[in-house]
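Please examine the following chain and the arrangement of its strands and cores. The discussion below moves from the chain as a whole to particular elements and residues.

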Amino acid sequence: MPASVSPWVVFTLLWLTPRVVTPVRRQYETATESVISLNPPWTAFFQGETVTLTCYRYGFKLPQKTKWYWNGEALRETKVHAVKVSTSGKYRCQADDLHLSISVHLHFYKGPLVLRAPPDVFEGEPVTLRCHTEESIAQKTLTFYKNNAILKPSDQRSELLILHANQRDNGEYHCRGKKEWHLLSTSSNSISIQVQELFPRPVLRARPSQPVDGSPVTLICQTQLPAQRSNVQLQFCFFKNFQAQALGSGCSSSSELHIPAIWTEDSMSYWCTAEAMDAQVKKGSLAIKIPVQRASADFQIHSVPALTSVFEGQLLLFNCSVKGVPGPIRFSWYKGDKLNKETKTPKSSEAEFKISAVSSSDAGDYYCEANNGRRSFVSKAVPVTIKVPVSQPVLTLSTGKTQALEGDLVTLHCRSQRGSPHIRYEFYYEDVFLEINSTLSGGGASFSFSMTTERSGNYYCTADNGLGPQRSEAVWISVIDTTKNRSVTVAAGIAGGLLIVAGAAAGVLFYRWFSRKAGGKPDFDDSRDPSYPEPQEPTYYNVPACIELQPVYSNDPKEEVIYTEVRRTQQNCNHAVQKTENQTPRCQMAE
């Protein structure tokens, strides 16, 4: 720029929010410096083009005021933090009262070819070099060079892509192209690519460096991002004794890990890693050994009852005593990270903590802290498990019915609504043990079996978690034998039929006897016929195959009474039939 021209002639001041944020380069960085970004993100342009510069605080926060510099000359201070420029030179800015930013060198060329690259290249990042041409340069003739050696062309001949930049990509780059109908090629400007370290190898430190047994310690994984990449998110992991599993809750964005209490047995090697997820860059620190000094405090924690048998509703009493710590001492009781009680003991070196009636919500890790105003001592955590007796179990059937057919598969389910695990379930039939099933959850237990007629009766189950068994109500299950029920029905039907026939015969005999008493006398009398034996009462052991009751009719012409006699006959198996004088067929009789 001519000396007679003020720098502000080429500056156009704007309030804006740039769409592309690309910070410029610096070898080292601090959190107290300013940073410049470019839009578009290049440092080489054709003459007549403009570029927007934006000044930020570290971490890309907007400042309250900004001061600009061009070629080392300070320009006036302004509240405008973004400017447009179209003149070559070195530009710097100062955001508020922070340190000056690093310089960004802009070039505006007349030539037909301009090679454009980002102002900063950091390890692991993708980098694109673009060869911009005037219309007179044929795209198909464009070629990239590194250190004057030709590079293999890509599908996009005007672009050169580096997927993950590393130190092997350092060098001088330029591009060449030919005009139409020209034999000689034209060369672009040369750009030097120097891949910078995204962040140095982290260093692990412990605060305090020599912690006392039982005291807290903080691990710090120290590294620093450059100002141009202060918006990159790093993930930190902490490890102990070269174990693969990260300490604490795992990796996080915090560079510090707080350990509430470290003990002499934790005196071992520690190390950390820092990783930029987007850039795929991960680095680990050297291992350090943390020497834990043994404290002079000696804690004794007692409980009543013993922690192995704390039942719901009982009184729980903790006693914490410490030796070697001068008073007055303030004791604090914690369950997990929550403070439960504080006790000041000016003369005594012990304190009590009482829970009148424990419940399941009181389960957890308890520890006490002794503080004498100069140093705190923390005891080891004491786990407390509250045991809850089982409630009376409930026995249910899978079908919901208490009747079953023989051969049906029946499933009994026993469950207690409350009770500490592990719960042992037992199944019984008429006080006879059937099955054992245990569970750690509250889902209960099941037992399946095939029903038989011999298994009709009372069923029940018991539940026990070591605090005394509880018995369910008994459930009666009846089994229906379908085969037996059919035979009984058929037999009942036959017996009923015989009773009806016998009743009819008895009625006829009664009528005949009554008629004789009245003075009548039938033509046909069995008692006078020697061919008929003395009548006897029949005895039935089996139902005959063919039973028939035949009426015998007798008619006395002198009397207007018809006598009828019913006799028991059995048909001959051959069913021979003979005809009487009136041709009435009769079944041949056999006594």
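Among the contacts in the chain with a separation of 6 or more, 60% are accounted for by residues 24 or more positions apart. The model is a predicted one. Its secondary structure consists of one helix and 49 strands. Of the 591 residues in the chain, 39% count as buried. The accessible surface amounts to about 34,900 Å², and carbon and sulfur atoms contribute 52% of that area.

The interior may be considered next. In soluble globular proteins, nonpolar side chains tend to be buried together. Here the largest nonpolar core contains 30 residues, and those with the most contacts inside it are Leu198, Phe199, Leu219, Phe238, Tyr270 and Ile290. Two or more residues are given to this core by each of β20 (203-207), β21 (215-222), β22 (234-240), β23 (256-262) and β24 (269-276). The largest share, four residues, is that of β24. Another core lies apart from this one; it has 21 residues, including Cys414, Ala445, Met451 and Ala463.

When neighbours within four places in sequence are set aside, Leu198 is in contact with Phe122 and Glu123, with Gln224, Leu225, Pro226 and Arg229, and with Ala276, Ala279 and Val281.

Strands of a sheet pair through backbone hydrogen bonds, either parallel or antiparallel. In this case three strands form an open sheet in the order β20-β21-β23, with antiparallel pairing. β20 and β23 are the edge strands, each pairing on one side only. From one strand to the next, the twist averages 20°. Five bridges join β20 and β21 in the antiparallel sense. Arg207 has Thr218, in β21, as its bridge partner.

Gln156 stands 14 residues from Leu142 along the chain, and the C-alpha atoms of the two are separated by 9.8 Å.

How values were computed. Residues numbered from 1 in each chain as written. Predicted model: local features only at pLDDT ≥ 70, side-chain atom pairs only at ≥ 80, totals over all residues. Heavy atoms only, no water. Core = buried A, V, L, I, M, F, W, Y, C linked by side-chain atoms within 4.5 Å. Buried < 20%, exposed > 50% of the residue type's maximum accessible area, 1.4 Å probe, protein only. Contact = heavy atoms within 4.5 Å. Areas by Shrake-Rupley, 256 points an atom, 1.4 Å probe, with all protein chains shown as cover. Pairing = 2+ DSSP bridges. Axes fitted to C-alpha atoms, helices over the stretch in contact; angles between N-to-C directions.
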